[in-house]
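Please read the numbered points with the sequence and the model side by side.

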Amino acid sequence: MRSLLLAALPLFLAAAPVPQQPLTIERIFASPSLSGPTPRALKLSPDGKWVTLLKPRSDDRDRFDLWAVDTSTGAQTMLVNSKTVGSGAALSEAEKMRRERARVGGTKGIVEYDWAPDGKALLVPIDGDLYLATLDGKVRKLTSGEAVLDPHVSQGGHYVSFVRDHNLVALDLASGKANALTSAGGGTVTCGTAEFVAQEEMDRTEGAWWSPNDSRVAVECYDEAKVKVVTRAAIGADGTKTFDQRYPAAGTPNVTVTLSIVSPTTGKTVRVDLGADPDIYIARVNWAPDGRTLYVQRETRDQKRLDMLAVDPATGAAKILFSETSKTWIDLTDDFKPLKNGSLIWGSARSGFMHLYRFADGRWTQLTHGDWSVEMNGQSAHTGLIAVDEARHRLFFTANKDDVLESQLYTVDYLNPGEPERVTERGYWNEAVMDEAATRMVVTRSSPTQPPQVYLADATGKRIAWIEENELDAGHPYAPYLAQHRPVTYGTMKAADGSTLYYEMITPKLEAGKRYPVFFEHYGGPGSQQVKRAWMAPMAQYWVSKGWIYFQIDNRGSPNRGTAFQDQIYHAMGSVEVEDQATAAHWLQQQPFVDPRKIATYGWSYGGYMTLKMLEKDQGLYAAGISGAPVTKWELYDTHYTERYLGNPLADPKTCAASDAIADAPSIKTPMLLMHGLSDDNVVFENSAALINRLQKTDTPFDMMLYVGQTHHIAGEGRQAHVQHTIERFLDEKVLGRAE
C-alpha cells in the first residue's frame, strides 16, 4: 500500500494576499463559476485558422455564447450573442430529451454548432431555429419556428440537413429551398436522427451521414412500433404533464432500424443490406475519403460481436471486412479512420488493452503496445484517436501510458510504428481536438491545483497561445478561497483478487489525536474513471472545510485499466465494485485520523445504485448513505446498457434479479437519504417508486427529497445548492449528531 502527496499548491498562495472568505454552498453554485471560465465544444476550423468555442457568461454560468479565436493573432471575437439572436422560444420535448442525452440539460443559449467544410461559416441552432454565422459577425436565419432537430452542414458545404416532422430535410444554401429527402417518417418512424439508446448509451447522436462530395447521404430510419411505451409523469411546480415515451427496457423489443443511401438531387434511394437479423444495432457509420465506400459497424443484440461492413453505395450490397468478438462485451469505439490509400485505423482491446491498429490488404499491424490503454474519455465509448496526419503518416491519440491517473496526448508513425511520443505536459489530465490536417491542436487540461486551461499548440505540442489561461491570480473567482484549499493525496490498495485500486483523498489539517468523519463519494459503474490528476469540483473542498475527509476510489469494472480489470463486472453488477468500496472503507477505518463510526457514502445514478447495494451488503460499515437517482431494478433500465453487462433478463432472469436493489432493501438499517428528479427520462422515477414502495411496506425508515420538474441532472443554481444543503443537513443529523 502506498500514497503520494501531491506537490504543494502553486506559488499563487504566496502572492499578494486576497481577503479570504469561507467557502459556501451558495457561492459554489452561483455565477461566475469558482473554477473560472470553462469553455466547451472546442473545435478547430477545417483549415486550422480559427478556434471556436462556447463560452459561459460571467453573470450566468449556464448560458453560453459562440466565440472565435484567430489562431494567427490570438484575437478573440464573439460571433453569436445568444441573448440577442435567440427567440427565447420554448424547446420541444424531443429537443429537451436530446439535450439530456448529450448531458447539456439545463444549459441555456447555444449548446452546439457545426463548421461548414469550407471554413467560412458555422451552423448555430438556437431556441429551435437555425442560423448561419460568418466570421465577420453576420448571422443569417435559415428557419423560423419549424422545430427542427439534429442539424448538420453537409460535407461538401452545399446543404444544411435537419429532421423535421420525422423526416430528413436538406436545405440548399444557395437557393434557400428545402426538400424532404425521406418520406417514410411519421407516426412511430423517424428518419435522419439517432434512436434513444444510440444517443444515451452508444455515443452516437447522428442519423444522417453526408458523402464527401454531397452526392449521397446515408440515412437511418428507425421504427419504435414494438418499443414499450412508458407513461412518464413530469411533475412540476405548475402542474403535471404526462408523456408517452418509447423506452426500450431490458429484455423488451428495440427499434427496428434500416439504413438507406439517398441522392439529394434525384431522390434515388438504395437500401443497405444490414443482414438477415433485424435485431441489431447500427453502431457507427463513416464514408471513405473518396465516397466510394460506406463503412457500417453492425453490432449484435448481445454486444459480443461487431462487424465492419463495407457497403457499395450504388447498390447497397455489403460485405464483412472484419469482426471483433468478445466473451463478455465489446466497447464501442470512435477510434476509426479510413485513410485515402484505402487502409483503416482501428481501435481494439483484443490484446487485453485498448490499442490502435492498421488494417490494410486484409492484414493487421498493431501500432501501440503495452499494459496501458488508449483512453476512454467519453462516458460510453473510447475516443482516444484525436486526428490523423496522412501527409506525415502520424496518429494523435490520448492514453495513460505514463500514468494511470493522467491522460496525455501522444503521436506515432502508423507506417513505421515505434515508441509513442508524448506531446503534452505531465501532471495534467489532457484532452484535445485537432483540425482535419492535424496541423494545430487545442488542448484542454487541468490538475488538482489548476482549474481547466485551454491553449492552442502546433503539431509538436508547442504552445502558440492561450485561449483560456484561467490563471489562479488575485482576480480569479476562486482567489478568496485559496487559503483553505487542501492538497490531494493519491494512493493505491489491493482488491481481493490482487488488482490495484487507485484512490484520492483530501484531508483537513490533521490535529494529533483527532479523528475525522469521511465523505466517501463513489460512482463505481463501468465507463467512467473518477480518480485522476484533474481539477475537482469545489464541493470536495467544501466538505473538507467543514471538517470532513473527502475520499473516492475506482473499483474493478471501471475503464482504462484493461479488459481483465473491467470485465469482472460482467454478469456481476453489485458485487465486485461493492466489495472494492468496502475494502476502501475498512482501510479508512484503520487510519488513526479517521473516525471509524462516521464514514458516510454518497453516489448519483450508478453511484446511487451503489449506495443501496453497499448499505445492503455491509450493514454497519457506513454511518449513512445518500442515493441519488438510482437504478433499483435493472429490468427497468434500457436494453443496450443493461444487456451489455447483465445479459437479456428474459434469457437469464436470475442475473438481473441478483443485481437488483429491491429485494434486500428492508435490510438497510443505516440512515439513508433517497433523492430523485420527478421528470427523469433516463433513470425513470419508477425505479425510486419501486424502492419507496418496498421500504414503506416493510416499515423501513428512510429520508427522501424529490425534485419537481427535474430530470436526471438537477439543473439551476438554486436547486443544485438545495441538493447539497439537503445532504449536509442529513449528515449533520445522522452522522455528526447535530440537531437544527
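1. Helix α7 meets helix α8 through E577, V578, E579 and Q581, which face Y606, Y609, M610, K613, M614 and K617 of α8; contact here means heavy atoms within 4.5 Å. By class, this contact comprises five nonpolar, one polar and four charged residues. In that count Ala, Val, Leu, Ile, Met, Phe, Trp, Tyr, Cys and Pro are nonpolar, Asp, Glu, Lys and Arg are charged, and the others, Gly among them, are polar.

2. This is a predicted model, in which local features need pLDDT of at least 70 and side-chain atom pairs count only at pLDDT 80 or more, while totals for chains, interfaces and linings use all residues. Residues are numbered from 1 along each chain as its sequence is written, and side-chain values use heavy atoms, with hydrogens and water left out. Helices (H or I, at least four residues) and strands (E, at least two) are DSSP runs, numbered from the N terminus.

3. How do the axes of α7 and α8 cross? The axes of α7 (residues 576-589) and α8 (residues 606-617) come within 10 Å and cross at roughly 70°. The two helices are therefore roughly perpendicular to each other, a term for angles of 65 to 115 degrees. Axes are lines fitted to C-alpha atoms, for helices over the stretch in contact, and angles run from 0 to 180 degrees between N-to-C directions.

4. Helix α9 (residues 639-646) has eight of its eight residues buried, so it is largely enclosed by the rest of the structure. Buried means under 20% relative accessible area, exposed over 50%, and partly exposed in between (1.4 Å probe, protein chains only). The elements covering the buried residues of α9 include α4 (196-201), β22 (280-287), β23 (294-300), α8 and α10 (653-659). At the start of α9, a side-chain oxygen of D638 lies within 3.3 Å of the backbone nitrogen of H640. Just after α9, G647 adopts a positive phi of about 80°.

5. Strand β44 (residues 672-677) is mostly covered, with six of its six residues buried. M672, L674 and H676 point one way from β44, whereas L673, M675 and G677 point the other way. Strands pair if DSSP finds at least two bridges between them. Four bridges join β43 (residues 624-628) to β44 in the parallel sense, with I626 opposite L673. β44 also pairs in parallel with β45 (residues 703-707) over five bridges, where Y707 of β45 is the bridge partner of G677.

6. Four bridges join β36 (residues 450-458) to β37, and W466 in β37 is the bridge partner of Y455.

7. A cis peptide bond, with omega of about -5°, joins S31 and P32; P32 is in the loop between α1 (25-28) and β2 (40-44). H393, although not a glycine, has a positive phi of about 40°. H393 belongs to the loop between β30 (385-389) and β31 (394-399).

8. Is N560 buried or exposed? N560 is buried, with a relative accessible area of 4%, whereas H393 is partly exposed at 23%. N560 is not a glycine, yet has a positive phi of about 70°, and is placed in the loop between β41 (549-554) and α6 (563-566).

Definitions and conventions
Angles under 35 degrees count as roughly parallel, over 145 as roughly antiparallel, 65 to 115 as roughly perpendicular and the rest as oblique. A polar contact is a pair of N or O atoms within 3.5 Å; within protein, one must be able to donate a hydrogen and the other to accept it, and residues adjacent in sequence count only if both atoms are side-chain atoms.
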